[in-house]
Amino acid sequence: MIAEKGEMTLSRNRNNRVGPIYAVAALWLAWVLVLPLFSIMHYMPLILLAVAVYNLVNAMGKKRDVEERRKEPVTVTEVKKETPKKKSTGNPQVDALIEKRDEAISEMRRLNVNIENPTITAQINDMEYTTSKIFDHVIAHPDKAGQISKFLNYYLPTTIKLLNTYDRMNSQGIKGDNITGTMKKVEETLQTVVEAYHKQLDTLFAGEALDINSDITVMENLMRQEGLTDDGMNEIKLTLSDSN
């Protein structure tokens, strides 16, 4: 079973590589049989068309490959290989965060493959990156887990629900008031969600920003008192002149 599947994958990859080349060759053959190729001006439209045909056939091959992969049965061996047993960190809270992060990222990537919309693809990529950064920061600082409780329990699952709804409606291939209206509403909402994710990540650094500002203020005051800054040197000179 695994050997047959490997042969199918190899054959499919070979077809995907040579398919665009065959298409371009067929285009050139058909062109020279119908139209002349006597000057550079005759070649230019053919070259441009050949590039377009190559890209189109290549894209169609990749899309067909993705669809065929989804239809292929997954063996028990592959499941075990794809889902290795995760090691525990020794902290149940951190383990739960890692599991939730991996599940969310995996689902975002699956939806990103299904949804063929350049704008939404960019937004999912952004949310995936920001989500990973949020989890990584809280995993490194478990005491901040309370700061992302709404993000974990509402914003993140609701975002994935919206994307799943969009994916299901988009796959129907039918345009109606309910489908089109709902899809448009999701599209309009996603940019706001992206910005909210950015603010959630930024909020996690609020305490550190405050600490750094306090440290900077203390350092500046100390350097001024020690005469290690221009302001401090001027104060020392005024004090000496007054004493004289």
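**Entry 1: confidence**

I began with pLDDT, which is the predictor's confidence in each residue, from 0 to 100. The model is predicted, so I noted that local features need pLDDT of at least 70, that side-chain atom pairs count only at pLDDT 80 or more, and that totals for chains, interfaces and linings use all residues. Residues are numbered from 1 along each chain as its sequence is written, and side-chain values use heavy atoms, with hydrogens and water left out.

I looked up the mean pLDDT of the protein chain and found 78, with 72% of the residues at 70 or more. Over residues 1-6 the pLDDT is below 50, and this stretch has 7 contacts in the model beyond near neighbours in sequence. I take contact to mean heavy atoms within 4.5 Å. Residues 73-81 also have pLDDT under 50. For residues 73-81 the model has 8 contacts beyond four places in sequence. Where pLDDT is low, the predicted coordinates should not be read in detail.

**Entry 2: the whole chain**

I listed the secondary structure: 9 helices and 0 strands. Helices (H or I, at least four residues) and strands (E, at least two) are DSSP runs, numbered from the N terminus. Along the sequence the pattern reads α-α-α-α-α-α-α-α-α.

I then looked up how much of the chain is covered. Buried residues are 26% of the 244 residues in the protein chain. Buried means under 20% relative accessible area, exposed means over 50%, and partly exposed lies in between (1.4 Å probe, protein chains only). The chain exposes about 17,200 Å², of which carbon and sulfur atoms supply 60%. These areas come from the Shrake-Rupley method with a 1.4 Å probe; for residues, only the protein chains shown count as cover.

Among contacts with a separation of 6 or more, 65% are between residues 24 or more positions apart.

**Entry 3: the core**

Which residues touch the most other members of the largest nonpolar core? I found Met 127, Phe 151 and Leu 163, in a core of 31 residues. The elements that give two or more residues to this core are helix H4 (92-114), helix H5 (118-140), helix H6 (149-170) and helix H7 (177-203). H7 gives the most, with 8 residues. A nonpolar core is a set of buried Ala, Val, Leu, Ile, Met, Phe, Trp, Tyr and Cys residues joined through side-chain atoms within 4.5 Å. In soluble globular proteins, nonpolar side chains tend to be buried together.

I followed Phe 151 further. Leaving out residues up to four places away in sequence, Phe 151 touches Thr 131, Ile 134, Phe 135, Leu 156, Pro 157, Tyr 197 and Gln 200.

**Entry 4: a patch on the surface**

I found a nonpolar patch on the surface, formed by Leu 29, Val 32, Leu 33 and Val 34, with about 430 Å² of accessible area together. Patches are made of residues with over 30% relative accessible area and no salt bridge: like charges are joined within 9 Å, nonpolar side chains (Val, Leu, Ile, Met, Phe, Trp, Tyr) within 5 Å. Val 32 is in helix H1 (residues 2-34). Val 32 counts as partly exposed because its relative accessible area is 42%.

**Entry 5: salt bridges**

How many salt bridges does the structure hold? I noted 4. A salt bridge is a side-chain nitrogen of Lys or Arg within 4 Å of a carboxyl oxygen of Asp or Glu.

Arg 101 pairs with Asp 102, the closest N and O atoms being 3.1 Å apart. Asp 102 is partly exposed, at 27% relative accessibility. The side chain of Arg 101 also meets that of Asp 136 in a salt bridge of 3.0 Å, N to O. This pair links distant parts of the chain, with Asp 136 in helix H5 and Arg 101 in helix H4, 35 residues apart. Asp 136 is partly exposed at 33% relative accessibility.

Arg 110 forms a salt bridge with Glu 107, at 2.8 Å between the closest N and O atoms. Both lie in helix H4, 3 residues apart, about one turn of the helix. Arg 110 is partly exposed, with a relative accessible area of 35%. Salt bridges that share partners join Arg 101, Asp 102 and Asp 136 into one network.

**Entry 6: two loop residues**

Is Asn 117 buried or exposed? Asn 117 is buried because its relative accessible area is 17%. I placed Asn 117 in the loop between H4 and H5. Not counting residues up to four places away in sequence, Asn 117 touches Tyr 166 and Glu 187. Asn 117 and Glu 187 are 70 residues apart in sequence and 9.9 Å apart in space, C-alpha to C-alpha.

Asn 91 sits in the loop between helix H3 (76-82) and H4. Asn 91 is partly exposed, with a relative accessible area of 30%.
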